[in-house]
Amino acid sequence: MKIDKNDIPTSKESYWRAFDDIPDYPQLQKNESTEIGVVGGGIAGIISAYLLAKAGKSVTLIDAGKLVDGVTGYTTAKISAQHGLFYFPLIKMAGEIDAKRYYDANIEGLEWIKNTAEELGIDCDFEHQDAFVYANTEIGAKLIEQEAEAYQQLGIPGGLAKEEVELPFAVKEAVVMRNQAQFHPVKFLAGLVKEFERLGGTVYEKTRAVKILSKKNPVIQTENMSHLSCEKVIVATHYPFNDADGMYFARMSVERSYVVAAKVKGTVPKHMYISTDMPMRSLRYAKNDDGEQLLLIGGEGHGSGKHSGETIENYEKLAKWGDEHFGVEEIPYRWSAQDMSTLDKIPYIGTSTVGYENILVATGFRKWGMAHGAVAGLLLSDQVLGNENRFASLYDPTRTKMKAVDVASFVKDNASVAKELVKGKLKKSMKTPDALENGEGASVKTSKGAAGGYRDEYGQLHLVDTTCTHMGCETKWNDAERSWDCPCHGSRFSYTGEVLEGPAVKPLKRIEE
């Protein structure tokens, strides 16, 4: 099958989001109070809310859009402590004790998901799988050998496993981590939300938090000026919408990546795989309602808003690679997501910043948010309840020890932001709005100056000011998602200007021609 743009679905749709057993919830339209306010209806927010409701707390969960329609609904849904080749460098950076704690935390998160699904009778397609990192180059093979040594040093079940690899091409070397897992995140969280409500929890959707008014007695202010008074607030919005508190905008980088779900002629691998060589490829299978296996192929990551060509090309590259090795018959789903990395690659989970003990945060999962989402829920609920948690210091967002590699990353990331701020203001070639075809978006020159233009399928023109409302960077057109994406901190906006992803909380300004 010769893959081209016509083989890629015209609209983004996640395989997980095709299952939609989560009811619609109302918008918060008045002032209310609760003991715990949880902002963000993804895996970290829902687990935190569930655990606190289970502990007898009054909990209100709010989401800017619909529950599980953020990054959690657009993942590869691997529940794993194997986060690429991570443990060898982690030992060098953080030491053997913290490296082992990182592994233990993720395994605890995995086991919690498994046990909770069994306890509540949630059928979420949970399956234990071995997880492999493989290399096609000699350099990659040497890195894998180092990682296998780290596994042995930390007592991680697994090791070198080239002979166990079941892929339709030769590999130089591979390392396996035993007893990891995969599941259907929307099915799992749909069941958890039902239980949360049964326990007395309250849910509001289409309720965007824009500000926290007090650090001691926090009040969440929403977009429509409703207020939710809380004793404590958990911010689980992927990128904290209150990122100025703790300067998260200066401590994280943002990357976007892509997935295609394909029906293939060849044999679908039984376990989970990820490559160490570039371009990175992630593989796992999922079963549709008919029991037919789909191959999920992920990769083609790049800085958010920083792709040089058409973003649809990323899906094409994944599909072509899949066709070359497995024989693609059909691509029923394709989706993308973006992820945050912290300076030291360890997530920030806990008190958001010094002096803000009643405001907690979970962010920076670096593409591994399923196990870490459970880690976050367990850790944050413990902190709210005043319980000890042995992983608290490892994930503490207020940790101050910056190693040389962190300093270099800090300088590089913030220099990149400064570059984008300047570059975005420079003159660039623009079309006129009349030159836009249906379904096309671009920077355009209007009678009122530069603007972002998109002509929809009916021929209607939509014009917006492309200056990001977060910190003033110029957004860039994303043709695959029909959105304006910020290259500085990852905010995304629809072609009509609405906020799709934070940290921005205000829409782009619409322009009337």
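User: Which elements do the buried residues of helix 2 pack against?

Analyst: This is a predicted model. In it, the buried residues of helix 2 pack against helix 3 (96-120), helix 4 (138-154) and strand 7 (173-182). The residues concerned are Tyr-87, Leu-90, Ile-91 and Met-93. Just after helix 2, Gly-95 has a positive phi of about 95 degrees.

User: Why does Tyr-134 count as buried?

Analyst: Buried means a relative accessible area under 20%. Tyr-134 is at 1% relative accessibility, so Tyr-134 counts as buried. Tyr-273 has a relative accessible area of 0%, so Tyr-273 is buried too.

User: What makes the pair of Tyr-134 and Tyr-273 edge-to-face?

Analyst: The search of the whole structure finds 22 aromatic pairs. For Tyr-134 and Tyr-273, the ring centres are 6.5 Å apart and the planes stand at 65 degrees.

User: What angle and distance describe the pair of Phe-169 and Trp-321?

Analyst: This aromatic pair has 5.9 Å centre to centre and 70 degrees between the planes, and is edge-to-face. Phe-169 is in the loop between strand 6 (158-160) and strand 7, and Trp-321 is in helix 6 (residues 312-326), so the parts tied together are 152 residues apart in sequence.

User: Are Phe-169 and Trp-321 buried or exposed?

Analyst: Phe-169 has a relative accessible area of 17%, so Phe-169 is buried under the 20% cut-off. Trp-321 has 15%, so Trp-321 is buried by that rule.

User: Why is Asn-31 called exposed?

Analyst: Exposed means over 50%. Asn-31 has a relative accessible area of 56%, so Asn-31 is exposed. Asn-31 is placed in the segment before strand 1 (32-33). Not counting residues up to four places away in sequence, Asn-31 touches Met-225, Ser-226 and His-227.

User: How do you know that the charge of Arg-366 sits over the ring of Phe-86?

Analyst: The charged end of Arg-366 is 4.4 Å from the centre of the Phe-86 ring. The limit for the distance is 6 Å, so the value passes. Arg-334 lies over the face of Tyr-315, at 4.7 Å from the ring centre. Phe-86 also belongs to a cluster linked by ring pairs, with Tyr-87, Tyr-102, Tyr-103, Tyr-151 and Tyr-395.

User: How are helix 1 and helix 5 packed?

Analyst: Two packed helices are described by the angle between their axes and the distance between the axes. Helix 1 (residues 43-54) and helix 5 (residues 185-198) pack at about 30 degrees, with axes 9 Å apart. From helix 1, Ile-43, Ile-46, Ile-47, Ala-49, Tyr-50 and Ala-53 make the contact; from helix 5, Leu-189, Leu-192, Val-193, Glu-195 and Phe-196 do. The contact residues divide into ten nonpolar, no polar and one charged.

User: What makes the bond from Met-278 to Pro-279 worth a note?

Analyst: The peptide bond is cis, with omega near 0 degrees. Pro-279 lies in the loop between strand 14 and strand 15 (281-287). Another cis peptide bond joins Gly-502 and Pro-503, with omega about 25 degrees.

Methods
Residues numbered from 1 in each chain as written. Predicted model: local features only at pLDDT ≥ 70, side-chain atom pairs only at ≥ 80, totals over all residues. Heavy atoms only, no water. Axes fitted to C-alpha atoms, helices over the stretch in contact; angles between N-to-C directions. Helix = DSSP H or I, 4+ residues; strand = E, 2+ residues; numbered from the N terminus. Contact = heavy atoms within 4.5 Å. Nonpolar A, V, L, I, M, F, W, Y, C, P; charged D, E, K, R; others polar. Buried < 20%, exposed > 50% of the residue type's maximum accessible area, 1.4 Å probe, protein only. Phe/Tyr/Trp six-rings, centres within 6.5 Å; stacked < 30°, edge-to-face > 60°. Lys NZ or Arg CZ within 6 Å of the ring centre and 35° of its normal.
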